[in-house]
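Keep the model open as you read.

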Amino acid sequence: AQEALEDNPVPKLLENIESDNLKVASSAARSLGVVFSPGGKGVEQKDEATAALIDKLASPLGAKLREESARALGRMRAKESLEAIKKAIDDEDVEVAIAAAEAAANILPVDDARTFLKDRGNDESENVKAAVYRAMANIAKPEDADFMIAGLGFDNWRVQQGAVQGLERSV
């Protein structure tokens, strides 16, 4: 029984995600995403892990923790995190916004994700636009070509890069 306890990394990861050390907390967030991803080995404490990751989406500790938390929730396909993920797309850090948009694309059914992201593509924020086009690049369909072409007209290189990648996928 002691051996089985030692094989379960989740309690230690849940402890580490609360660390004041950005690297420790970020690494724990990333690891929780792997443990609880489809095909991962995590079963017990998934709700607790999901709640901790949702909490860290707004952490003042650092952008890396917010980014890794968004990526983990996307990997886990944690539907209960969707509202917090959608809010995180507005993060001031572009990498957090991108991770959140990609997580939304993983969590939502693909056509719902495409609709949601294209609606967010009208946002004034460069970070949101970059996040939307980057996430759309992974799920674009032929009918998204016009949206992706529109992204080429923006000055932001991240938006342009996502638009090109999405065009490659959609045509």
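Helices here are DSSP runs of H or I of at least four residues, numbered from the N terminus. By that rule, Val34 sits in helix H3. The model is predicted, so local features need pLDDT of at least 70 and side-chain atom pairs pLDDT 80 or more, while totals for chains, interfaces and linings use all residues. Residues are numbered from 1 along each chain as its sequence is written, and side-chain values use heavy atoms, without hydrogens or water.

Start with H3 (residues 22–35). It packs with helix H5 (residues 63–76) at about 5 degrees, and the axes lie 7 Å apart. Axes are lines fitted to C-alpha atoms over the stretch in contact, and angles run from 0 to 180 degrees between N-to-C directions. H3 and H5 are therefore roughly parallel (an angle under 35 degrees). H3 contributes residues including Leu22, Ala25 and Val34, and H5 residues including Leu65, Ala72 and Arg75. Contact means heavy atoms within 4.5 Å.

Stay on Val34. At 48% relative accessibility it counts as partly exposed (between 20% and 50% relative accessible area, with a 1.4 Å probe and protein chains only). Leaving out residues up to four places away in sequence, Val34 touches Gly40 and Arg75. Gly62 is 28 residues from Val34 in sequence and 21 Å away in space, C-alpha to C-alpha.

Now the second pair. Helix H9 (residues 126–139) and helix H11 (residues 157–170) pack at about 20 degrees, with axes 7 Å apart. H9 and H11 are therefore roughly parallel to each other. Tyr133 and Ile139 are among the H9 residues that meet H11, where the partners include Val159 and Gly162.

Conventions:
Helix = DSSP H or I, 4+ residues; strand = E, 2+ residues; numbered from the N terminus. Parallel < 35°, antiparallel > 145°, perpendicular 65-115°, else oblique.
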